[in-house]
Amino acid sequence: MTDITATKKVFFLKAHIQPNQVPTRRSHKKRLLKILTSRLFIVGVLILVQLFLLLFLLVKVGTMRYWISIVFNVVSILMVLYILTREDNPSFKISWIIVIMAVPLIGGVFYLIFGRKMHGRRMARQIESYTDALLHKDHGSLPQCSGNCQTLERLRENHYTLARQADYIYNVSGFELYQNTEAEYFPSGEQFFARLLEELRGAQKFILLEYFIVQHGKMWDSILKILENKRAHGVEVRILYDDVGCVATLPALYADYLRQKGFQVGVFNPFRPRLNAATNYRDHRKICVIDGNVGFTGGINLADEYINQKEKYGHWKDTAVLLRGEAVQSLTEMFLELWQFTCHESLSLSDFLPTRSHSCAGFVQPYGDSPLDNFNLAENVYMQILNHAKNYVYITTPYLILDNEMINALCLAAQSGIDVRIITPHVPDKWYVHMVTRSHYSQLLRAGIRIFEYTPGFIHAKMFVSDDSTAIVGTTNVDFRSFYLHFECGVAFYLSPMVSKVKEDFLRTQNICEEITLEKERAVKAPIRILRSLLRAFAPLM
């Protein structure tokens, strides 16, 4: 019996609440008190108060005079025309137009606060200045085509289409293509965790950690113990975590607690009690770099549900990769980019470069995506795979919230005879997002795409694999937030043994999934379909 089949058996046979876990009145009170005193609750209430006052003021002003209401309607029409001229995604624009036309004054003001990217442009300029300084300092200029050109030429000789993909990533983001890099694939959080601890214990110079979620438990406490030991032996440890990602999992002053242990700590884009669109920009990357020679990335955060030490949404299926060699430099550059922006510390890339290379088959290209430029790099990489496929494209994603471009790419591939399969969760982590995911099923199924739900629980892996020649493993979901609002990263593998490993894991996972058919979708009750449609209309704003 395979590990994944055994997991399914255990999941379905296990009771959800053991006899000694029956909730008591005292435990309910303690849980309620914990919620009411949490930073998430307090900051959330303060933001809601601001929101209520703003709404009250707008309604008050709007009802003072009839002519004011007419002015608001005219302004709303002008704002809709302005939105239509912007270079935003059409689905994003349609959602805002619906809001503005439904509630002209309120919708217009909300668009000015949350819909435009004023804060994003300021953040982009700051990050760009740090990145330019880092690259100028160490290379005398921005990345130039040196060894990268030779590696691209070797890939082009083997597979012209894949070289176009690698060219696109390099030209848009500056992240190079490598050969001298070993790779290892982890089909579960448990396997990733064991190897992560092993590699951390071997650190000699520095450890860089960048994660969206960190939470105390077996996973983080085990890592923290090793980090403390390494710091006592002179290893530099830098920890960067996202504040919104950790707002419900870490105390407010946790960064100070870590600094007292001797670690250098950055908290990306702090979550503050104010209405601010910049809060939307989150660091969703998961990166660990050890001595510049070993790098990890993938979907796995540092919390116990990712290694199934805590059951949250059934069995948690996730994946990650380890890189060993020259390509780790790109993961290091991603980390230093946001570290310098967050901590305002000027660093030299030369102090963090790989010192070892490893001969291996195939090509590897780690890349990072930013929400602050005009390139939807991660989405375009996915769409290029769909557009260039000849036989199949297999996809895993926890969320399927699609814009028109991605829907067209998926359907066009399937209608052209490509075997397109998608695995999504059966047990959702957010019910409303899951409803939006399912709202796309009928259209995709009619185009010939096969859809599977991971019945043991929640699949959090973000992967594409195609034609036995290319695979992506990373942090980018197939949704609006990942494509447009998050800092993300991934690793592209070309003509690499990693491709077959990703494919084999997909097929093993598919075997324990429930296939969704058009008949099942047609059996969905009308109220559910209506709710899905309503939520889908506002999906870009979620």
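Which residue is the bridge partner of T181 in β9?

1. Basis. This is a predicted model, in which local features need pLDDT of at least 70, side-chain atom pairs count only at pLDDT 80 or more, and totals for chains, interfaces and linings use all residues. Residues are numbered from 1 along each chain as its sequence is written, and side-chain values use heavy atoms, with hydrogens and water left out.

2. Strand β1 with β9. The partner of T181 is G325. Strand β1 covers residues 181–186 and runs antiparallel to β9, with 6 bridges between them. Strands are DSSP runs of E, at least two residues long, and helices are runs of H or I, at least four, both numbered from the N terminus. Two strands pair if DSSP finds at least two bridges between them.

3. Strand β7 with β9. Strand β7 (residues 294–298) is also antiparallel to β9, joined by 5 bridges. Here T297 stands opposite V321.

4. Helices α15 and α16. Helix α15 (residues 377–388) packs against α16 (residues 404–415) at about 20°, with the axes 9 Å apart. Therefore α15 is roughly parallel to α16 (angles under 35 degrees count as such). Axes are lines fitted to C-alpha atoms over the stretch in contact, and angles run from 0 to 180 degrees between N-to-C directions.

5. Their contact (heavy atoms within 4.5 Å). From α15 come residues including Y382 and L386, and from α16 residues including M406 and L410.

Notes:
Parallel < 35°, antiparallel > 145°, perpendicular 65-115°, else oblique.
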